[in-house]
Amino acid sequence: MTTSSATSGSSLSSLLSQLTSNTSTGSGSSSSSSSSSSSSSSAAGGTITSLGIGSGLDVNSIVTALVNARQAAPQQQITDRTNQINSTLGGLNSLSSVLSQLQSSLATLTSINTFSSYNATLTPTGGSASIGAATTMSSAQPGTYTVAVSQLATAQQRASGTFASTAAVGAGTLNVTVGSNTMKISVSATNSLSDIASAINGSSSNPGVTATIINGVNGQQLMLSSSKTGVANAFSVSASSDSGSGLQSLATTLNTAGSNEAVDAKLTINGITVDSATNTVSGAMDGVTLNLTSTGTNTLTVSRDNTAAQSAIQGFVTAYNSYVSTASSLSSFDSTSGSAGILLGDTTLTSVQRQISSVLSNAVKGNSIGTLANLGITRQADGTLSVDSTKLNAALSTNTSAVQNLFNGTGGYATKLSTALTAYTSSNGVIGTRVTSLNGQLTQLGTQQTALNNRMATYQKQLQSQYTTLDTMMSQLNNTSSYLTTALAQLTNSNSSKN
């Protein structure tokens, strides 16, 4: 009976020992005893204070791996699509930039001033000095003219008599008139010349007269000056009938002609008499303004200036070549490496290329030059344009109007190409619409990313909760196993001592 009990106890003890060993896998044989004790003490109240301590598993690593595994596929889709859209946006922005530069060069070509630019020079003749300078506008015409200036326009100036600095002039009203405009200055019995000058300069109804006090050796004098040159801008001065004798005398003096009266500029252009209120003579010749500084006789030469046209055409070629280089890079493909341009096969890029090629490959109907090649602008093997400056300059010198029409005529290259590009570069054009759409997709992807992050956070909490429950259960099993092992060991020892 005793032997049977001892044998049974020994077998049960061995079984429980194996169970304890299996539930403590990973803890190490040398530390199983201390681990069981630690688990028992930490789980005495049924609470796990450190995730994984009950099971002996690296729970944090397991939870992270499970979360990453579930997140990997949808995260990859969001990342790939985001990168693809950003890449496309970069390509479209690059394309838009070079098209805008190209369109800007076309705007210069269609400007009337580009092909209607002139130089004007004044050359002294017959021992005369230079009479000034000349400027031109697009309405000027080439030619040579003789300009003789006999008189420059001047502004009227008159001075009063002498007064002491603090002396009162006399009460009344001083009237200063230029043309049909009259300024009335009220003068009190105590006002000095300085007071009158300040009142004139500060008047809101001043018709174009400046008052200045001159402090001479004999006292103060009031100087009135017309603000503009020419007879039409001369002034007259009077005093009201009820004014004092002092103010009446001042008005009479200022209204008396002197040595600095207003005169108009007088000149002849090829013998034709011209008068001008100012020394800036505009309107006497179409498109030419004379800025006179002296009297004398000069030869005026007006000649066409092709510099602006040459620069504009070269600017167009440069902008076009930049577009070709960018478009080539965006649509490139390297068969060796398998790398492709950002917009390879993109419908917007191919459409732009087709439109530009269509415009530039056709001749301009009704134009004597007809094509860019006839002007000296030819296409190279890489698709860029090259300019034969000699051929271009010859065309500009002999037939400027035809060159101008080739670009800015109704069917000209610049006119048609600018219209075609506007469909892509305008704010609501093809590129702008696509960019808006792609940015909208990025916003949606951001929303998807937030939702995915929230789902993964919830999933992580669920896993942590499950492993916490597992830890608690394993801790309880370890405590039970330890208790039973100890109890059976005591029972075995007790049976052995009885034998």
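Ring pairs link Phe115, Phe316, Tyr320, Tyr323 and Phe407 into a cluster. Rings of Phe, Tyr and Trp (its six-membered ring) are taken to pair if their centres lie within 6.5 Å; planes under 30 degrees apart count as stacked, over 60 as edge-to-face and the rest as tilted. The model is a predicted one, in which local features need pLDDT of at least 70 and side-chain atom pairs count only at pLDDT 80 or more, while totals for chains, interfaces and linings use all residues. Residues are numbered from 1 along each chain as its sequence is written, and side-chain values use heavy atoms, with hydrogens and water left out.

The structure holds 4 aromatic pairs. One of them joins Phe115 and Phe407 in a stacked arrangement, 6.5 Å centre to centre with 15° between the planes. Phe115 lies in the loop between α3 (59-109) and β1 (118-124) and Phe407 in helix α10 (residues 400-408), so this pair ties together parts that are 292 residues apart in sequence. Helices (H or I, at least four residues) and strands (E, at least two) are DSSP runs, numbered from the N terminus. Both Phe115 and Phe407 are buried, meaning under 20% relative accessible area, against over 50% for exposed and partly exposed in between (1.4 Å probe, protein chains only). The rings of Phe316 and Phe407 have centres 6.3 Å apart and planes at 70°, so that pair is edge-to-face. It links Phe316 in helix α6 (residues 307-330) with Phe407 in helix α10, 91 residues away. Phe316 is buried too.

Turning to the strands, an open sheet of 3 strands runs in the order β6-β5-β9 with antiparallel pairing, where pairing requires at least two bridges found by DSSP. Its edge strands are β6 (181-187) and β9 (235-239), each pairing on one side only. Between β5 (residues 172-178) and β6 there are 7 bridges, and Thr177 stands opposite Thr182 in β6. Helix α5 (residues 245-254) packs on this sheet, touching β5, β6 and β9, and its direction makes about 160° with that of β9. Here contact means heavy atoms within 4.5 Å; axes are lines fitted to C-alpha atoms, for helices over the stretch in contact, and angles run from 0 to 180 degrees between N-to-C directions.

Elsewhere, 8 bridges join β7 (residues 209-216) to β8 in antiparallel fashion, and a hairpin connects these two strands through 2 residues. Strand β8 (residues 219-226) is also joined by 3 bridges to β4 (residues 157-159), again antiparallel.
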